[in-house]
Amino acid sequence: MPIDITFVDIEGNIKFYFDECKIFSRARTILNRSIMLCHPIKLVPVIEKLFEDFKTKKRRSMEVWKYVQGKPISIKYLAVYDDSDEYIGTVELVEDHSEALKRFSK
């Protein structure tokens with residue numbers, strides 16, 4: 001599956017990752033550590049606000065499109081709620097769209 005997946009629990013700790021695309025390098029040592037340690041310091045307030053919005057249900061997702069290492073990348077943050085609609089964490093999906101763009105350029 002050409003996508004990187006990370007699950008962050010309610011406390012902001014990384015509990016799972018799958019990095020097939022390897023857009024952002026990850027090591028097993030990130031497990032059980034704060035997601036804030038994986039982002040540039042200038043983005044920490046943005047990520048904190050996003051997670052707060054997820055907890056309070058002001059929003060349930062956010063999507064960012066940008067070039068990373070010269071590749072067109074989408075980063076999707078999706079709030080995860082349990083059966084009682086209580087926030088339990090966030091899934092981050094990172095996808096490289098280079099191949100899709102090649103198909104459109106023909």
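This is a predicted model: local features need pLDDT of at least 70, side-chain atom pairs count only at pLDDT 80 or more; totals for chains, interfaces and linings use all residues.
Reader: What makes the five strands a sheet, and in which order do they lie?
Author: Two strands pair if DSSP finds at least two bridges between them. Strands of a sheet pair through backbone hydrogen bonds, either parallel or antiparallel. Here the five strands form an open sheet in the order β2-β1-β5-β4-β3, with antiparallel pairing. The edge strands, each pairing on one side only, are β2 (14-19) and β3 (61-68). Direction ignored, neighbouring strands of this sheet are turned by 15 degrees against each other on average.

Reader: How many bridges join β1 to β2, and how many join β1 to β5?
Author: Strand β1 (residues 4-9) is joined to β2 by five bridges, and T6 stands opposite Y17 in β2. Six bridges join β1 to β5, where D9 has G89 as its bridge partner. Both counts meet the requirement of at least two bridges, so both are pairs.

Reader: What links β4 and β5?
Author: Nine bridges, in the antiparallel sense. Y81 has Y87 in β5 as its bridge partner. The two strands form a hairpin with five residues between them, and D85 in the turn has a positive phi of about 65 degrees.

Reader: Why is L78 called partly exposed?
Author: Buried means under 20% relative accessible area, exposed over 50%, and partly exposed in between (1.4 Å probe, protein chains only). L78 has 33% relative accessibility, so it counts as partly exposed. L78 lies in strand β4 (residues 71-81). Contact means heavy atoms within 4.5 Å; not counting residues up to four places away in sequence, L78 touches F54, R60, S61, G89, T90, V91 and L93.

Reader: Why do K57 and Q69 fall into separate accessibility classes?
Author: K57 is at 34% relative accessibility and therefore counts as partly exposed, while Q69 is at 61% and therefore counts as exposed. K57 is found in the loop between α1 and β3, and Q69 in the loop between β3 and β4.

Reader: What makes the phi values of K57 and Q69 worth a remark?
Author: Most residues other than glycine have a negative phi. K57 is not a glycine, yet its phi is positive, at about 65 degrees. Q69 is likewise a residue other than glycine, with a positive phi near 55 degrees.

Reader: How do you know that the length of α1 agrees with its number of residues?
Author: The expected span of a helix is 1.5 Å times one less than its number of residues. The 13 residues of α1 should therefore span 18 Å, and the end C-alpha atoms are 18 Å apart, which agrees.

Reader: Where does α1 lie, and which of its residues are buried?
Author: Helix α1 (residues 44-56) lies across β1, β3, β4 and β5 (87-96), at about 40 degrees to β4. That angle is between N-to-C directions, on a scale from 0 to 180 degrees, with axes fitted to C-alpha atoms, for helices over the stretch in contact. The buried residues of α1 are V44, I47, L50, F51, D53 and F54, and they pack against β1, β3, β4 and β5.

Reader: What makes a set of residues a nonpolar core, and which members touch the most others?
Author: A nonpolar core is a set of buried Ala, Val, Leu, Ile, Met, Phe, Trp, Tyr and Cys residues joined through side-chain atoms within 4.5 Å. The largest one has 21 residues, of which I35, F51, F54 and Y77 touch the most other members. The elements giving two or more residues to this core are β2, α1, β3, β4 and β5.

Reader: Why is β5 called mostly covered?
Author: Seven of the 10 residues of β5 are buried. For the protein chain, buried residues make up 37% of the 106 residues.

Terms used:
Residues are numbered from 1 along each chain as its sequence is written. Side-chain values use heavy atoms; hydrogens and water are left out. Helices (H or I, at least four residues) and strands (E, at least two) are DSSP runs, numbered from the N terminus.
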